[in-house]
Amino acid sequence: MQVFLQTIIGGVSLGAIYALVALGFSLVYRTMGLVNFAHGNVVMVGAYLASTFYLSVRLPFGLAMLIAIVVTGLVGVVIERVLRPLEHKDFDLMLIGTIGFGVVLEAVAVLIWGATGRAVRSPVPARPLDIFGVRVRTYDLLVLAVAALATVGLVLFLQRTKRGAAMQAVAMDHEAATALGIHVGRSNAMAFVIGAGLAALAGGLVGPLLYVSPSMGGTLGIKGFAGAVLGGFGSIPGAIVGGIAIGVLDSFAAGHFQGYSELVTFVVFTVIIMVRPTGVFGERTVNRA
Amino acid sequence: MTAAAEPDALTVEHLSVHYGGISAVRDISFTVPAGQVVGLIGANGAGKTSTLKALLGLVPRQVGTLRLHGQDVRRVRARDMVRHGIGYVPEGRHVFPGLSVEKNLLLGAYARAWDARTRAGLDEVYGLFPVLGEMRRRLAGALSGGQQQMLAVGRALMSNPRLLLLDEPSMGLSPKLVEGILAVLQRLNSDGLSMLLVEQNAKLTFEAAATCLVVENGVVAMTGSSQEMSRDPQVRRIYLGL
Amino acid sequence: MRYRAGGLLLLAVAAWLLPYQLNRYSIHVANVTILFALLAIGLGLAMGVAGQINLAQVAFFGVGAYATAILSTRAGLGFWTAAALAMVAAAAVGVLVGLPALRMQSHYLGIVTLGLALAFTNWVTNTQLAGGAEGISAIPVPTLPGLDLSDEYLFYYVELVVFAAALAFGLFVVHTPLGRRMRAMRDDALAAGAVGVEVPMLRLIAFLLASLYGGVAGVLYAGLIQFVAPETFSIANMFLLLAMVIIGGRQSLVGCVVGAVTLALIRELLVDYPTYAQVAYGSVVVLTVVFAPTGLAGLPRRLTASLRRRGLARRPAGASAPTMRPFQPYEPEPEPEPVDRPPLLHVDGVSMRFRGLTALRTVSLTVGAGEIRGIVGPNGSGKTTLFNVISGLYRPAAGRVALADRDVTGARPYRLAHAGIARTFQNLRLFGALTVRDNVLVALDTSRLRGSWRYAIWPVGVWRHDRELNARADDVLARFGLDDFAHTLPGALPYGIQRRVEIARAMARQPALLLLDEPAAGLNGDEVRQLGEIVRSIRDSGVTVVLIEHNMGLVMSLCERVTVLAAGVVIAEGTPAQVARTPQVIEAYLGDSAMAGDLPAQVPAEAAR
């Protein structure tokens, strides 16, 4: 029972990261109908930026993350602008365009920071806390807290602000939204930037958990995407549930199958998706004109 | 004494809509005098919806003259038209299904600040459509067709328009609901709201509008007062292809 | 044609003589490039031709290579035996990976195939059988009588022959019925089903083909390097492959090869700066996708089109302004008396609901064989929903649909096509990247996919079948007056001609029942008149026609009987004149039955018959 709980706890903190990544995927898909395969690489850029400001420039952890989020948001703006002509036309091509961006981001990261990667020390003491006999690292709690805050912030934005409501409206019916005075292009760009910001947040948080390297974006992105799809692509609660589920699934797979954990995770994922292609909460289909 | 006559709510001349290789609308011209209701009737596929969408700029168009309350709006972008006082109730309602009734209505006032005046506007809409007030927290997608129609009209009213464009508000509604909508429209009109009503239901239009145009295959086949046209057998023949 | 043959000969000679120009290092690069080209062809077949997102191609490559390695080193089999079995393994994996494609497409399929590729790499990195992270070395050199294939120069010729055969086979598939169906499925899977393409099985075939090419490349790789390790089959290489196919032009196999060779060369040139190479090909992918979606292979066509627009290029010889010829009526069949007509289409109590909205409420109607039936009704009355239920796009919540005495409720569109139902669509659904001729050819093909084994064993039979289809296509095109447009893409044609192409395509299957969804929408008076003649002729040839229309003039003059729907319910049925005078109909359209007033007792066109 102890081991079981420990495995779950171990999976939840990484799962919270996957959930943030999944949130970014789902938000962009739900509002723009775009699947951004470069999202994982954006996470990686966020991780590098945050760790650079934290380690080399020696800024406080929180401030480093903030700056990383702003800069990464700009990267998001560039990607959206370039791919805008394809937005309501060829979906598969747009997908491939984002893959291209991902490749460029990874290469640029290698050029700037080298290929070897770096370890990021935890900003909080490393000694794990003991809660009811289960060992929990302080940093894991920090990750969960920040992820929860970000999610709450996102939900509040979507549900209580005018722009947030407009963003959702655009996704449901962009023509009706235009007739009401909403600038569809700007709304989409904002959604993309928020997605990139979430990616950067995930990247900044993941530094002390994983080894930061240019290739980390690939696995993080794929698992985050799988989490979003599992929970129901486009659904906000789905992204949280799906991301954490993938994290826990990963943790169990690593515990029982060691090296084969990815194999198990993806086979299980494939089976679940084939049984229920629209995920746990169902896909929030987007009105793609 | 020549008082300056109030400019027409809407002046359209030589409007054409041409896309996907089809001419949906061919050289239509008409006016909506201030404070009046003008009806646009015709069979399906005649070009009525395309006309409305073209007025707003939602579809590509060529137009000679387009004036709202005397102001030239030919170059105004679709998303800015609402700021010139034009409200739109789309065919098929097009409410935002995943948002609450109240959120839908508030979005109608997107072009304005969401302040006390907007709240007052909300109350007015709830006054017009009490059932919406009862369901203000419900998701719009869960409403019945008639309720969604009321929501769509209410949403358009939230922007305080001076001209309201309605596209087939009676579609899919029972006669009783249609009567209800008609009553609301007449009340709004008596308060000074000008309207352009597009409908397939000729009877409703004759009751609601002072003037009517019959559209057939993208051109205006007949115009006249509702009184004359309700008695004219030509109208029936056009509808039933005889 | 002469230029093409000459150019091909030149290329072949150049390829044969190439090794004499290259040193040891360069020939190795050439050998690896050919393998990439093979992989690119396979990926192009799945993605560009059949429209299936396949991010597992690198895993098929890995299965071929690792299976060969394992079987030849661990199981002690000879190289060629191991290779044969490896091909079987690759094919099996291909079909397995293709199964998700039956349930999902697009980005879902992308993430699933990508995940499975990762799963493969994860497996081989960990399992002892595959040598773990170090891989398997000392794979035996393949042997051919009299040749020492450890010599890379000789291996080059083996690869060249295999590549030539593989490319030829790929092109053969693309230009024959199987390839045509895949392209149709890519352009519009819905319409493809409606003209009889068995979409699920075709998706599996697409993945099977991709995996075969991947397997061949893997086998050759094992024989070439005699060493396999997980890094070669990484996601990075998958994206490189993807870049090759996109930049080259995924819809053209030759384009895929060009893309593969180009990127491989660039990679070689920048071998000391691999990261810059990565920036380069990533950027080119983005630029290609935004500015030149058809890739390098699409450039010649775009160039000629743009030159033609500026009046700098000549039109092809013998092309006077293309016109649509008049329709040539069918041979009329003897028409049975209306009373004798056996019922062909039975719709019995069909109800359809969407998320709480009832679109159809116990709708029943019967259409006699040889009848022209009109279905009319105000906006939102459920007409297209009814069509979609009859043609298999929706499964009704209740009720039955029967064709003659066969229950076809909820059957998939391609099964209905084989049963004799054809349809056109409200918003034209022609295959955009296929010529008019190809559109018709896809519909003409009534062969079943299970006969596709002939492609591997008996290509001559395929060839003959294709020739026969082409002859019949000529007939269909001539009848509908579309000869001049046979090689045009539908998008370049005026709307009225596109409509006629859609009808021609539907009639190519010689259906028993033809469903026309708003065929007159967007047509001018003349075109509507021609449409009426065409429909009458179609009926005279023995086909039953049911059409949805808003153009009441056409309905009244063309249809023998009319069914009126309003709010999902049948409110009237009868001859046009009867229906026009029915109070409920007038109320539904005009809002008031009292407006029936002075309508004529008989429809003028009816009186003239």
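B:Gly87 sits opposite B:Leu164 of strand 7 of chain B. That pair belongs to the contact between strand 6 and strand 7 (residues 163-167) of chain B, which run parallel and are joined by four bridges; strands count as paired if DSSP finds at least two bridges between them. Helices (H or I, at least four residues) and strands (E, at least two) are DSSP runs, numbered from the N terminus.

A word on the basis of all this: the model is predicted, local features need a pLDDT of at least 70, side-chain atom pairs count only at pLDDT 80 or more, and totals for chains, interfaces and linings use all residues. Residues are numbered from 1 along each chain as its sequence is written, while chains are lettered from A and ligands numbered from 1 in the order in which they are written. The model scores ipTM 0.88 and pTM 0.87. For chain C, pLDDT (the predictor's confidence in each residue, from 0 to 100) averages 87, and 94% of the residues score at least 70. Residues 600-609 of chain C fall below 50, and this stretch has 14 contacts in the model beyond near neighbours in sequence.

Chain C has a strand with partners of both kinds. Strand 13 (residues 561-566) of chain C has five of its six residues buried, so it is largely enclosed by the rest of the structure. Buried means 20 or more other C-beta atoms within 10 Å of a residue's own, exposed means 12 or fewer, and partly exposed lies in between, with C-beta atoms placed from the backbone. Strand 7 (residues 372-376) of chain C runs parallel to strand 13 of chain C, joined by four bridges, and C:Ile375 stands opposite C:Thr563. With strand 14 (residues 569-574) of chain C, strand 13 pairs in the antiparallel sense over five bridges; C:Leu565 has C:Val570 as its bridge partner there. Two residues lie between the strands of this hairpin, in which C:Ala567 takes a positive phi near 50°.

Elsewhere in chain C, C:Gly532 lies in helix 20 (residues 525-540). C:Gly532 has 19 C-beta neighbours inside 10 Å and so counts as partly exposed. Leaving out residues up to four places away in sequence, C:Gly532 touches C:Leu554, C:Ser557 and C:Leu558, where contact means C-beta atoms, placed from the backbone, within 7 Å.

Finally, the chains meet: 37 residues of chain A are in contact with 33 residues of chain C. Helices 3, 4, 9 and 11 of chain A each give two or more residues to the chain A side, and helix 4 provides the largest share, 15 residues. That side divides into 29 nonpolar, five polar and three charged residues. Here Ala, Val, Leu, Ile, Met, Phe, Trp, Tyr, Cys and Pro count as nonpolar, Asp, Glu, Lys and Arg as charged, and the others, Gly among them, as polar.

Conventions. Contact = placed C-beta atoms within 7 Å.
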